[in-house]
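Hi,

Here is the structure I promised to pass on.

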Amino acid sequence: MKERVQKFGRFLSGMVMPNIGAFIAWGLIAAFFIPDGWFPNDTINGMVGPMLRFLLPILIGYTGGKAVGGQKGAVTGALATLGAIAATESTMFIGAMICGPLGGWCIKKFDKAMEGHIPAGFEMVVNNFSVGIIGAILAILSIYVIAPVCVTLTTWLGAGVEFLVAHSLLPLTAVLVEPAKVLFLNNAINHGVFTPIGTEQAMEMGKSILFMIESNPGPGLGLLLAYCVAGKGETRSSAGAAAVIQFVGGIHEIYFPYVLMNPIVILGPMIGNIVGIFTLSALGGGLAAAASPGSIIAEMLMTPKGGYLANIAGIGIAAVVSFLISVFLLKFFGKDASLEEAQAQVAASKAASKGQAAPAASAGASVSAKDVRKIVFACDAGMGSSAMGATMVRNKLKDAGITDIEVIHFPVGEIPGDCQIVVTHHELSGRAAQRAPQARIIPIKNFMGAPEYNTLVQELLDARKGGSAPAAPAAVEEAPAAAEQPILLEKKNIVLNCKPVSPEEAIKAVGKRMVESGYVEEAYIQGMLDREASFSVAIGSHVAIPHGTEESRKAIKKTGLIVMTYPEGIEWGDETVRLVVGIASTGEDHLGILGKIVEVAETEEDTDALVDNASVDQLYKLLNGLE
C-alpha cells in the first residue's frame with residue numbers, strides 16, 4: 001500500500017511540480033493585484049482568471065501527456081484538457097490530471113500499433129495527423145464525459161460539507177474541506193457553502209466560525225514548514241517562499257501541489273484543521289465577514305473586538321499540529337523524504353554550485369584528504385555514468401602521480417562502507433549520504449568533465465605533498481587491457497548521421513537495436529526509460545549513455561553496446577547530445593569501451609570532432625580497442 005501511494009504521488013508530482021513556477025507566478029499576481037489584494041490593479045488582475053482557468057490546467061495536461069507519451073503525448077494531452085475547460089466555468093485541475101495522461105496513453109498506443117507499418121517518407125504526416133485527430137476526439141470526449149464527471153464530484157463534495165454543517169459536526173468538515181481544497185475546489189466550498197451560511201450567522205451573532213474553516217492559513221503553513229524541514233530538492237528549496245505567499249498573501253493554492261506530490265501528507269492539514277476548528281469552537285472564535293484572501297492579515301482585519309486570542313490560537317494550533325504530522329509522514333513514507341537525506345542533499349548541492357568538494361554527509365563524519373584511500377563513484381545502476389566518471393578520475397589521479405587511492409564504481413544502493421569519498425549525481429546525493437554516512441559526498445551535475453574532478457584531485461595532491469607517503473598502496477582497479485577486451489560493439493550497431501528525435505525516441509531506438517541483437521529482452525527498454533525519468537542519462541560533453549535501472553538488469557541476456565550519432569544534436573533536457581551510447585552489461589566487460597569513450601569524448605569539442613569525422617570502421621576499431 002505504501003509503495004502504491006508513493007508511486008501515485010510521484011506521478012502526480014511529475015505533472016504538477018515542473019509547473020510550480022507558474023503556480024508561484026499566479027499566486028504572486030493574485031496576492032498583490034486582485035481587488036482585495038495589497039495593490040489592487042484591474043488591468044493586472046485581468047490575468048488571474050485566465051491563468052487559473054486556462055494556463056495552469058493546460059500546463060498540467062501538457063506535462064502529464066508528455067510523461068506518458070513524449071512530445072506527441074504532451075500536445076494530445078493539452079488538446080484533451082482544453083475540451084474539459086471549455087465545458088464548464090469550474091477550474092479543471094482534476095480534468096487536466098485525467099486528460100493529460102489519457103492523451104499520452106492514447107498516442108503511445110497508436111504509435112505502438114503503427115510501428116513498422118508506416119511507409120518511408122510518411123512518418124511526419126502520420127505523426128502530425130495522429131496527434132490532431134486523436135487530440136480532437138479526446139477534446140470532444142472531455143466536453144461530454146470528463147468535465148461532467150469532475151463537476152459532479154464538485155457537487156458531491158459541496159453537499160457533504162453542507163450535511164456536516166447542518167448536523168453540528170464542524171470539526172469533521174475538515175475531513176472533506178482539506179482534500180477538496182487540494183483539488184482546487186476551495187473557492188467553490190468557501191464562497192458557495194460557508195459564506196452564505198456564515199453571513200446569516202454573523203448578522204445574528206456578529207461573527208461566524210464558518211468563515212475560518214476554509215480560510216484558516218494555519219494548516220497550509222504547517223505543511224509548507226514541514227517541507228522546509230523534511231522535504232528534499234526542489235520541494236524543500238521552494239517551500240519557504242510558498243509559505244510566505246500562503247500565510248501572508250493568503251493564496252492557499254500554493255501548497256496544493258505539495259500535497260499532490262505525496263497524497264498521504266493531506267492528513268497533516270486535515271488533522272490540523274480539525275484541531276483548529278475545535279479550538280475556535282471552544283474559545284468562541286470567528287470572523288465578522290469572509291476573509292478573502294485567506295491571509296493572516298485578512299483574518300485579523302475580519303476579527304471582531306475581543307476575538308483575537310481565540311482566532312490566533314485556532315490558527316497557531318492548526319499550524320503546529322499540521323507541521324508535526326506532516327513532518328512525521330514525510331519522514332516515514334519513503335527514505336527519499338528523510339530529514340538526513342534532505343540536509344545532505346542541500347549541503348551537497350550548495351557545494352557543487354560553488355565548484356567545491358561537499359562537506360561531510362553526516363554530523364559525525366570528518367574525512368581528511370590525506371586519509372582518503374577509496375573513492376566510489378555511484379549512479380543508479382552502477383553500469384554506465386559512474387563507470388565513466390571513475391575512469392576519468394582514475395586517469396587524473398594517475399597523471400598527478402597518486403597511486404595509493406582505489407577508484408571504483410557501484411550502484412548507489414550498494415556503496416561499500418569503507419570508502420571515504422562518494423562522487424554521485426546531485427539528485428542521488430541524499431541516497432548516497434544515507435548509504436555511506438561515514439563518507440564525504442561530492443555531488444556533480446554530469447559525469448563527463450565535471451569541474452569537481454580537478455578540485456578533488458588537487459585537494460588530494462596538496463594533502464599528500466604536506467604529509468608522509470603511505471606505507472603500502474592499495475590495489476587500484478584498472479580496466480582490462482585493450483587486447484583482452486572482447487568485441488562488444490558490432491559494426492551493425494554503429495549508426496551514423498541519425499536525424500534529431502526526442503530523448504525518449506532516441507532511447508527507444510537504442511533499446512530496439514539491443515533487442516534485435518539479442519542483448520536484452522523487451523522489458524529492458526522500459527528500464528531505460530525509467531532510468532531517464534529518474535534523472536537524465538545525458539552525462540555532459542554532448543554524450544548520453546542510455547541504460548536500465550538496477551531492477552531491469554534481469555532483462556539483460558548478454559553484454560552489448562549500441563552507438564548512434566546525431567550530428568544535428570538532440571535537446572536532452574538542459575544538454576545537447578550528439579553521441580548516444582546504449583549499454584547493456586552483465587558484468588564489467590564494457591568498461592574498456594567506456595574508457596575509450598572517456599578518452600575520445602572528454603570535452604564537447606572532442607565529441608563534436610568524433611561525430612563529425614568518424615566512420616563506422618573508425619568507431620569500430622577505436623572503441624573496441626583495435627586501434
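Below are my notes on a sheet, a helix beside it and some salt bridges.

First, the ground rules. This is a predicted model, in which local features need pLDDT of at least 70 and side-chain atom pairs count only at pLDDT 80 or more, while totals for chains, interfaces and linings use all residues. Residues are numbered from 1 along each chain as its sequence is written, and side-chain values use heavy atoms, with hydrogens and water left out.

Let's start with the sheet. It is an open one of 5 strands, in the order S5-S8-S9-S7-S6, with mixed pairing. At its edges stand S5 (494–495) and S6 (538–540); each has a single partner strand, so one side of each has no neighbour in the sheet. On terms: helices (H or I, at least four residues) and strands (E, at least two) are DSSP runs numbered from the N terminus, and two strands pair if DSSP finds at least two bridges between them.

Within the sheet, S8 (residues 560–572) and S9 (residues 575–584) run antiparallel and pair over 9 bridges. One example to look up is Gly560, whose bridge partner in S9 is Ala584. Helix H22 (residues 604–613) packs on this sheet and touches S7 (543–544), S8 and S9; contact here means heavy atoms within 4.5 Å. The direction of H22 makes about 75° with that of S9 (axes are lines fitted to C-alpha atoms, for helices over the stretch in contact, and angles run from 0 to 180 degrees between N-to-C directions).

Now the charged pairs. The structure holds 10 salt bridges, each being a side-chain nitrogen of Lys or Arg within 4 Å of a carboxyl oxygen of Asp or Glu.

Where does Arg578 find its partners? Arg578 sits in strand S9 and Asp608 in helix H22, 30 residues apart, and their closest N and O atoms are 2.9 Å apart. Arg578 also meets Asp612 in a salt bridge, at 2.6 Å from N to O. Asp612 is in H22 too, 34 residues from Arg578. Arg578 is buried, at 10% relative accessible area, whereas Asp612 is partly exposed at 49% (buried means under 20%, exposed over 50%, partly exposed in between, with a 1.4 Å probe and protein chains only).

Elsewhere, Glu89 forms a salt bridge with Arg53, the closest N and O atoms being 3.7 Å apart. Glu89 lies in the loop between helix H4 (48–86) and helix H5 (93–114), with Arg53 in H4, 36 residues away. Glu89 counts as exposed, at 66% relative accessibility.

Cheers
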